[in-house]
Amino acid sequence: MHKNLTAICLGIGLLLSHSISFADTVTHLITPLNLNAEADYQLGQKDKPAILILHGFLTTNQFHTIRSTVQAFHDAGYSTLAPTLTLNINQRKQSVKCNSVHTHTLENDVTEITEWINWLEQQGHKQIVLVGHSSGSLELIAQLAQNHDPKIKLAIFTSLFYLSGPELGISQADFDYATEALKNHNNQPHKYSFLFCKNNYYATADSFLSYQTLNRQNVLNYLKALTIPNYTIMGSADKRYKSVGLNWLDELKESGTNLIVIEGANHFFSSEYEFDLQDRLIEITNHYFN
């Protein structure tokens, strides 16, 4: 009886220690920015690549689309790293509001992504897959346009649109104001309209303008220039088509990316479409690495 109880306790202890070893919050100093960033890291099978999964606009690695994506890859045996971009906040853990002071730039975000890729390489991962959601996809594309790391073997973008254009509510007046402010070295925060932040995106001029480079044509050009296999997964019921038009799907396909459309899914692949997204992600990755 005592022996059985001891064996059960030992078994539970081993299971607990095993699960803890698979999920760990790591802190990494982003040296060029002098900021500590955090990520959730889960170790998988050694013969499989590591998957870096990046969240969308102003959110964190705890956003539900990211959490379910991480879980799907982990269940399939892959190592996963899900960073939270600092947005110039040391060890940021919470989503940032529109009316917070935004001093972060696209260049900062690209630097952080590059640092996390280097961190994965330092852990011994020889093959890396990049997976982004929404603006996270855009920031991965921007990183790939500037860096050519041979360890990055595949990229998968989900809910991929762009950040700048009058159809998205970016006014010429806002753009002109920021351009003039930057020219005059005036970096005081100002209220802009940016994505779902309507007239209350409180940002410095260089922060606001940095993301405006990710306009429709530039995103398509970046996609066309990619030299690694890449896929784009979109939901057919994404409300952003009302702004950008369904011809965005045609333009994505013409860019050379492998386009997959999940019928009925919204921008976040909510409800049952979460499983459709997971199935596609694992199918694509397994195709290249199994």
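Which residues of H6 are buried? They are Ala205, Ser207, Phe208, Leu209, Ser210, Tyr211 and Gln212, where buried means under 20% relative accessible area with a 1.4 Å probe and protein chains only. Welcome to this predicted model, in which local features need pLDDT of at least 70, side-chain atom pairs count only at pLDDT 80 or more, and totals for chains, interfaces and linings use all residues. Residues are numbered from 1 along each chain as its sequence is written, and side-chain values use heavy atoms, leaving out hydrogens and water.

**Helix H6**

**The fold as a whole**
- You will find 10 helices and 10 strands in the chain; these are DSSP runs numbered from the N terminus, with helices (H or I) of at least four residues and strands (E) of at least two.
- Of the 290 residues in the chain, 50% count as buried.
- Among contacts (heavy atoms within 4.5 Å) between residues at least 6 apart in sequence, 74% join residues at least 24 apart.

**Extent and surface**
- The C-alpha trace spans about 80 × 40 × 35 Å along its principal axes.
- The chain exposes about 13800 Å², and carbon and sulfur atoms supply 54% of that; accessible areas come from the Shrake-Rupley method with a 1.4 Å probe, and for residues only the protein chains shown count as cover.
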